[in-house]
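Welcome! Keep the view at hand and follow along topic by topic.

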Amino acid sequence: MTVTAQGGKPTPEQIKQALEAAKKLKARGLKGDDPEAMAEEAKKILKPMMKTVMSIPRQTIAIKTVQKIVLTPIQRKKLKGEELKKYIQRLNTDLFTKMSSNSRKLLQDILSDTKVSLNLFDLGMSAYLNGALQEGAFLAGTALIGDIGDDLNINSYTAMLINANAPAEAMPICKGLVSRYPEHALILNNLAQAFMGIGEQDSAMVYLRKCLKQQPGHPQANNSAAQIFKQQGQKEKALEFAKKSVEAGLNDGAMEIIDELDKSRTAYDFFAKPKDLPDYFDLYKIKKPMHQKRVEDEQLVKGERAAFRTEIDRMRGVLSEIINREQELGNKQLNNRIQNLQKRLSAGEQITVNVGNPWFEKAAKIFTNKYIQQDVLLAMMKEEEAFNSRINDLEKDYDINETKIYQDYAQKKAQYKCDGEGSSSGCVNIERLTKEECKAINGLRDRFLVACATAAEAYDEKQLHWAAERFFFQSKWGYLVGANEHLANVNYYKYADEYLKNISKIMTNYRSKGPACSSLEQQFKTMSFADIMAPRCPVNLTVELGLLNIKANCKETTTTIKGPAETWAGKWRLQQKENYALGQSTFAVIYVIKEVKKELVKPLENAIRIKAGVKAELTVQGFITSSKNNTWDGGGKLMVSASGWAFDTISGVGENIEGSGEVSWSYQAGWNGAVKGLNGIFSTSSQSLPDY
């Protein structure tokens with residue numbers, strides 16, 4: 001991509017191309033009070049020609065160091081209406097006579113084409129923006145002669161005259177406009193530029209100040225003020241206005257002043273500290289995970305953190321694919337360009353080599369900014385180090401305080417005993433102390449989490465701001481230093497990936513903590529504290545020896561004799577049960593109504609010696625029970641039971657886990673119902689069913 005040199009004289013062919021491109025405009029759409037919009041429109045016009053328009057006016061008027069020009073020959077009258085029309089006609093005649101014969105012929109051909117008459121001013125603007133200053137001014141003047149009432153176009157016309165080395169001729173037109181628009185920034189600026197063009201710096205400064213009062217960021221007015229202050233030796237003022245000019249429009253003359261007067265790497269800091277920094281979280285719809293402040297939010301926080309990390313990883317994966325693709329396309333395009341230049345050089349062609357990017361030189365000056373490339377990185381690292389130190393201190397304090405709470409309550413509990421027998425005073429007191437202990441630990445954890453969250457929120461705010469500053473700066477200026485469009489994209493997406501990498505380190509930066517006694521609280525839903533504290537039985541044995549079956553655990557021993565299988569006695573059983581906890585002995589005669597048995601593992605000789613399976617039974621029985629206090633009872637039961645079992649085929653030793661439900665009638669208790677949980681090591685207390 002090339003750029004027509006500022007103030008350079010284009011060839012007739014270039015002028016013709018610019019004029020032909022302008023003919024394609026369907027509507028004017030260009031407003032004289034919006035130079036940026038005009039520049040953007042010009043880019044669209046000139047795109048087929050691979051030209052880039054920076055801004056208007058294109059040519060920087062050099063400040064004359066000669067003595068002031070006497071204003072006597074300059075027309076002082078403020079022109080408008082018919083007088084202005086006649087004045088422009090005379091200017092057009094002068095311009096036309098000064099042009100080359102080729103330019104005059106081309107302009108005559110254009111004016112004879114009736115199709116361009118409606119867009120004649122736009123045609124002149126397009127030619128002017130592409131470097132054909134006099135030709136553009138002539139066409140624009142011709143359009144104004146036909147429509148002398150368009151003041152915005154008249155103002156743009158004065159800019160063309162000033163840049164076509166006719167500032168004196170533009171003066172009376174500018175004065176007429178200022179008399180009608182005394183507070184219009186662009187009109188005031190053009191009059192200031194006209195005064196500068198004839199060497200009247202003091203008068204120019206009067207109108208520059210008026211312009212900047214209306215539009216403080218006006219790029220050309222700030223540049224002109226900077227040039228004047230530099231001439232006067234006021235370097236600080238020159239730098240101040242030059243930076244304002246560059247901030248608004250990357251003005252060449254203003255950048256030259258900055259480069260000359262400020263050699264530091266902080267010269268372009270004003271680009272690195274934007275006033276309105278975008279919220280990239282909101283912009284890219286990334287959900288911020290919450291900071292945990294309460295133990296009950298542990299699972300919610302973990303879920304949000306996991307979702308955050310997953311989304312960051314997903315986005316970085318997408319960026320990686322884009323970067324690889326753009327890198328390949330960019331390298332290919334760059335290699336093709338180099339090969340093309342080599343061929344042209346080998347053919348003896350004289351060429352001017354450029355980087356292919358008109359923004360490169362300017363962007364490169366800004367990109368090396370010390371604040372972004374050094375200061376922010378150091379600040380981020382120092383803040384991260386300070387934050388990690390703060391979290392480590394909080395965690396150390398937490399560990400010390402948590403240990404102290406456990407030790408204090410261990411001493412308090414030591415004076416009580418709870419062996420799991422009912423609701424003894426020892427169990428009641430230990431239960432109370434345990435709940436107090438849990439509450440104290442949870443309170444400590446909540447205070448720890450709040451302190452961490454407070455530190456993390458302050459840390460995140462700073463890190464997010466710095467990460468956004470770097471991305472805002474690097475994505476823009478890094479893009480503009482790309483050798484071609486694809487390599488510019490590579491730079492942009494690399495900095496987007498760096499932004500995601502930076503924010504992935506925050507929002508998840510201290511340990512979450514859950515409730516201290518969550519498992520105990522779950523046990524309380526189904527068990528009493530005494531049951532929880534009861535010692536667990538280490539014995540749960542099942543022994544089968546032929547027709548004899550023995551089951552033993554800490555609470556009871558059951559001995560059962562089965563009738564021989566395949567005989568009438570196969571469904572009958574005699575059972576003796578000794579309950580140690582209750583001090584009861586029960587003898588029962590059992591009849592099996594229905595039995596379902598499934599063997600899970602068949603024994604393999606000399607290899608696996610274990611038999612295991614499950615079974616379910618429906619039985620009816622009669623029983624007699626005697627207790628250690630010489631009381632007795634008797635009655636009948638209808639019982640459904642299910643069990644899982646496993647035992648060694650050689651020794652007969654094994655384990656049995658079972659549950660049952662029953663409906664019974666006894667002499668002492670009458671009708672009752674009960675369900676029992678798993679026996680043995682997993683034993684739970686029986687629960688009575690409603691009386692029948």
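**Starting point: a serine in a strand**

Let us begin with serine 666, which lies in strand β8, the stretch covering residues 653–666. Please keep in mind throughout that this is a predicted model. From this serine the tour moves to a pair of strands, then to helices, and ends with the whole chain.

**Around serine 666**

- Is serine 666 buried or exposed? It counts as buried, because its relative accessibility is 5% and the buried class means under 20%.
- Leaving aside residues up to four places away in sequence, serine 666 touches Phe623, Asp633, Gly634 and Gly635.
- Lysine 637 is 29 residues away from serine 666 along the chain, and the C-alpha atoms of the two are separated by 8.6 Å.

**Salt bridges in the helices**

- Arginine 314 and glutamate 311 form a salt bridge, and their closest N and O atoms are 2.8 Å apart.
- Arginine 314 is partly exposed, with a relative accessible area of 46%, and glutamate 311 counts as partly exposed too, at 27%.
- Another bridge joins the side chains of lysine 462 and glutamate 383, at 3.6 Å from N to O.
- Here lysine 462 belongs to helix α19 (residues 425–480) and glutamate 383 to helix α18 (residues 370–413), so the bridge ties together parts that are 79 residues apart in sequence.
- Lysine 462 is partly exposed, with a relative accessible area of 40%, whereas glutamate 383 counts as buried at 19%.
- Arg294, Glu296 and Asp297 are linked in a network of salt bridges.

**Two helices packed together**

- Two packed helices are described by the angle between their axes and the distance between the axes.
- Helix α9 (residues 185–197) packs with helix α11 (residues 219–231) at an angle of about 30 degrees, and their axes are 10 Å apart.
- Which way do α9 and α11 cross, left-handed or right-handed? Their crossing is left-handed.
- From α9, the residues Asn189, Gln193 and Met196 meet Gln220, Ala221, Ser224 and Ile228 of α11.
- Sorted by class, this contact of α9 with α11 has three nonpolar and four polar residues, and no charged residues.

**The whole chain**

- The secondary structure of the protein chain comes to 22 helices and ten strands.
- How many salt bridges does a search of the whole structure find? The search finds 25.
- The chain has 692 residues, of which 43% count as buried.
- Taking contacts between residues at least 6 apart in sequence, 61% join residues at least 24 apart.

How values were computed. Residues numbered from 1 in each chain as written. Predicted model: local features only at pLDDT ≥ 70, side-chain atom pairs only at ≥ 80, totals over all residues. Heavy atoms only, no water. Axes fitted to C-alpha atoms, helices over the stretch in contact; angles between N-to-C directions. Helix = DSSP H or I, 4+ residues; strand = E, 2+ residues; numbered from the N terminus. Left-handed = near helix turned anticlockwise from the far one by under 90°. Contact = heavy atoms within 4.5 Å. Nonpolar A, V, L, I, M, F, W, Y, C, P; charged D, E, K, R; others polar. Buried < 20%, exposed > 50% of the residue type's maximum accessible area, 1.4 Å probe, protein only. Salt bridge = Lys/Arg side-chain N within 4 Å of Asp/Glu carboxyl O.
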